[in-house]
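Please open the model in your viewer and keep the sequence panel beside it. The stops below say what to select next and what is there.

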Amino acid sequence: DATVDFKKISNAYRTGKPLSVDIDYKLFADHMTSQVQEEKKGTAVIAKDLYYNQFDDVEILHDKSVAVVADNSKKLLILQPVKQGKKDKTLPIDIDSILKWYKSITYKKIDNKHSEYSLWLKKGNIEKVIVEFNTTNYLVEKLVIYYKEPLPESGQDKTPPRIEIKYVNHLFAQKKSAGVSVRKFFT
């Protein structure tokens, strides 16, 4: 049951336990190619009132009141208030609401600990999303996003791209904030 599984996935990220995860992001020029156009590796830390994400020289940090984006190579720092009601998370799609917008869905059991859902969406700029998750802890291990149109902001302007994101080394940190705070940027 997709509704039950997606609720479990959503709840897995809301346990209150700090979570640290390594992320491997790959952009492909179209839906079928195996040649990577762009690849980034990063990390994310999620705690009760904190979200931290780092890819290459760019770091993003949200706590309950402030959002900070730091581009270390460009020596650029952006500070803004956090929009109320926004759920900060490591997943680029809203797991809580994606089931509202699908036109068809399929389920596939990969092995004893892994399953996936493929969702074809009705609205928006995403055609299809594949969500692979661990059936033991309900953490997402892979997302594949198929876009309907090109994404010029990512250098992709001819064909609708595909993005694959792998989440590995899910670690529950011992410290409440996993050693990350706004003090890294401001005192």
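## A loop, then the rest of the chain

Begin by selecting T135, which lies in the loop between β9 and β10; helices (H or I, at least four residues) and strands (E, at least two) are DSSP runs, numbered from the N terminus. The model is a predicted one, in which local features need pLDDT of at least 70 and side-chain atom pairs count only at pLDDT 80 or more, while totals for chains, interfaces and linings use all residues. Residues are numbered from 1 along each chain as its sequence is written, and side-chain values use heavy atoms, with hydrogens and water left out.

Staying at T135, display N112, K113, H114 and S115, which T135 touches when residues up to four places away in sequence are not counted; contact means heavy atoms within 4.5 Å. The side chain of T135 reaches the backbone oxygen of N112 at 3.5 Å.

Now zoom out to the whole protein chain, which has 1 helix and 11 strands. Of its 187 residues, 41% are buried, where buried means under 20% relative accessible area, exposed over 50%, and partly exposed in between (1.4 Å probe, protein chains only).

## The helix

Select helix α1 (residues 2-12) and colour its buried residues, A2, D5, F6, I9, S10 and A12. Seen down the axis of α1, these buried residues fall within an arc of 160 degrees, so they line one face of the helix; the arc is that of the directions from the helix axis to the C-beta atoms. On the other side of α1, T3 and K7 are exposed. If you then show β7 (102-111), β8 (114-121), β9 (126-134) and β10 (140-147), you will see part of what covers the buried residues of α1. At the start of α1, look for the side-chain oxygen of D1 that reaches to within 3.0 Å of the backbone nitrogen of T3.

## Two strand residues

Next select S118 in strand β8, a residue that is buried, with a relative accessible area of 8%. Leaving out residues up to four places away in sequence, S118 touches S104, I105, T106, K128, V129 and I130.

From there go to H170, found in strand β11 (residues 162-172). H170 and I23 are 147 residues apart in sequence, yet 9.8 Å apart in space, C-alpha to C-alpha.

## Charged pairs

How many salt bridges does a search of the whole structure find? It finds 5, a salt bridge being a side-chain nitrogen of Lys or Arg within 4 Å of a carboxyl oxygen of Asp or Glu.

Select D24 and K41, which form one of these with the closest N and O atoms 3.5 Å apart. D24 lies in strand β1 (residues 19-28) and K41 in strand β2 (residues 36-47), so the pair ties together parts that are 17 residues apart in sequence. D24 counts as buried at 13% relative accessibility, whereas K41 is exposed, with a relative accessible area of 53%.

For another pair, select E164 and R162, whose side chains meet in a salt bridge (3.0 Å, N to O); both E164 and R162 are buried.

Technical notes:
Polar contact = N/O pair within 3.5 Å; in protein donor to acceptor, adjacent residues only side chain to side chain.
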